Amino acid sequence: MDRFRVLAPGLLLSFAIAAAAIVFRGQTGVAALNPVVVALVVGIGIRAATGPMAVLTPGIAYAVRPVLRAAIVLLGLQVTLPQLVALGPGALALALAVVALTLPFTIWLGGVLGVDRALSQLIGMGTAICGASAIVAANQVVRGKGEDVTYALAVITLCGTGAMLILPGLAGPLGLDAGAYGLWAGASVHEVVQAVGAAAAGGEAATQSGTVMKLARVFLLAPALLALGWWVSRGAGAGQVKAPVPWFAFGFLALVVLGSTGLVPREAVDASRFLVPLMMAASVAALGLSTDLRALRARGVRPMALGVGSSLFISGLALLGVMLLR
């Protein structure tokens, strides 16, 4: 009970912000208003207005780590192995290629542009896999600063929204049919809601192929986290703290397998669709409550250039793959 009293102020505020962000998106109906991003902005605004509050610190820390990790594990119920197999070997290879190539490319380009390595890794994960969810999950391994995560979220949101608006107008000039366009959107747009929104502009067939392709990239979140953890640990020098093993990634994979058996009640899957966005948004709201805007401004514009470059790379790579599959 004493521990609950310590954690309650920060946790309750984080979840209140998350709930308000979800209601706001539901009331407006604007797909681009990701509750995670709205919660982040509100959290940053409260921190800027009030300054740091010690009473919130324990609950904020709990929301940023244990709550987030539980959300990632639950996310596994939303992806099943039959969905992935239905894509076919060529499309699955495309999903693997865009993830496997975009992440190292982004880290390399970040080095060229002079962007901090941790921030480059976060932007790379967000671009390659599933936007905000991948960024906050990757930071459990990368251990970047709070402002790194905040900046990465802003970059991915802007680039993903731009892709959602631009891609539908390119399907015709590129000669893509509905199925091919959906694969392109699912393989290149960042957030799940952005990818599905972009694919939906191509009709029902595009929506179906785009959604499943995007889920294939979400499935690769766990393997990518494990690979990133190995990479970060391998690069740690003597005396440096090595990246922790992301055990929650194994929980994610376990629920994918369990959900694929058909033994999980539909009500449990539906509950995960409600809980995961709420828990993710609460974690990021907590992150916003601990973010100093002055440190964020010090990052400059280079990370934004990195996000644009990474987005162009994944879009071009995904388009090439779709053309080869035709």
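Mentor: Happy to. Let's start with L7, which sits in helix α1 (residues 2–28). Keep in mind that this is a predicted model.

Trainee: What makes L7 count as buried?

Mentor: Buried means under 20% relative accessible area. L7 has 9% relative accessibility, so L7 counts as buried. Leaving aside neighbours within four places in sequence, L7 is in contact with P58, G59 and Y62.

Trainee: How far is the C-alpha atom of L7 from that of A201?

Mentor: Those two C-alpha atoms are separated by 44 Å, and the residues are 194 apart along the chain.

Trainee: Next, I60. Where does I60 lie, and which residues does it touch?

Mentor: I60 lies in helix α3 (residues 57–75). Setting aside neighbours within four places in sequence, I60 is in contact with G10, A286, L289 and S290.

Trainee: Why is I60 called buried?

Mentor: The cut-off is under 20% relative accessible area. I60 comes in at 9%, so I60 counts as buried.

Trainee: Let's zoom out. How do you know that the chain agrees with a compact globule?

Mentor: For 326 residues, a compact globule would have a radius of gyration near 20 Å; the chain has 19 Å, so the two agree. Along the principal axes, the C-alpha atoms fill a box of roughly 60 × 50 × 40 Å. Buried residues make up 51% of the 326 residues.

Trainee: What is the chain built from, in helices and strands?

Mentor: The chain has 16 helices and 0 strands. As for contacts between residues at least 6 apart in sequence, 82% of them join residues at least 24 apart.

Trainee: Now T127. What makes T127 buried?

Mentor: Again, the cut-off is under 20%. T127 has a relative accessible area of 0%, so T127 is buried. T127 is placed in helix α6 (residues 117–130). Not counting residues up to four places away in sequence, T127 touches T102, I156, H190, R217, S310, S311 and I314.

Trainee: And α7? Why is α7 described as largely enclosed by the rest of the structure?

Mentor: Helix α7 (residues 132–142) has 11 of its 11 residues buried, so α7 is largely enclosed by the rest of the structure. Among those buried residues are I135, V136, N139 and Q140. Just after α7, R143 takes a positive phi of about 60°.

Trainee: α6 and α7 pack against each other. Why are α6 and α7 called oblique?

Mentor: Their angle is about 140°, with the axes 8 Å apart. Roughly antiparallel needs over 145, and roughly perpendicular is 65 to 115. The angle falls between those two ranges, so α6 and α7 are oblique to each other. The crossing of α6 past α7 is right-handed.

Trainee: Which residues of α6 and α7 meet?

Mentor: From α6, A118, Q121, L122, M125, G126, I129 and C130 meet A132, S133, A134, I135, A138, N139 and V142 of α7. Sorted by class, this contact has 10 nonpolar, 4 polar and no charged residues.

Trainee: What makes α10 and α11 roughly antiparallel?

Mentor: Helix α10 (residues 192–200) and α11 pack at about 155°, with axes 8 Å apart. The cut-off for roughly antiparallel is over 145, so α10 and α11 are roughly antiparallel to each other. α10 makes a right-handed crossing past α11. On the α10 side the contact includes V192 and A195, and on the α11 side it includes A206 and K214. By class, that contact has 7 nonpolar, 3 polar and 1 charged residues.

Trainee: α11 also meets α5. How do you know that α5 and α11 are oblique?

Mentor: The axes of helix α5 (residues 89–113) and helix α11 (residues 204–219) come within 9 Å and cross at roughly 50°. Under 35 would be roughly parallel, and roughly perpendicular starts at 65. The angle lies between those limits, so α5 and α11 are oblique to each other. α5 passes α11 in a right-handed crossing. The contact is made by A91, L92, L94, A95, V98 and V99 of α5 with M213, A216 and R217 of α11. Those residues divide into 8 nonpolar, no polar and 1 charged.

Methods:
Residues are numbered from 1 along each chain as its sequence is written. This is a predicted model: local features need pLDDT of at least 70, side-chain atom pairs count only at pLDDT 80 or more; totals for chains, interfaces and linings use all residues. Side-chain values use heavy atoms; hydrogens and water are left out. Axes are lines fitted to C-alpha atoms, for helices over the stretch in contact, and angles run from 0 to 180 degrees between N-to-C directions. Helices (H or I, at least four residues) and strands (E, at least two) are DSSP runs, numbered from the N terminus. A crossing is left-handed if the near helix is turned anticlockwise from the far one by less than a right angle, and right-handed if clockwise. Contact means heavy atoms within 4.5 Å. Ala, Val, Leu, Ile, Met, Phe, Trp, Tyr, Cys and Pro count as nonpolar, Asp, Glu, Lys and Arg as charged, and the others, Gly among them, as polar. The radius of gyration is taken over C-alpha atoms; the globule rule is 2.2 Å times the number of residues to the power 0.38. Buried means under 20% relative accessible area, exposed over 50%, partly exposed in between (1.4 Å probe, protein chains only).
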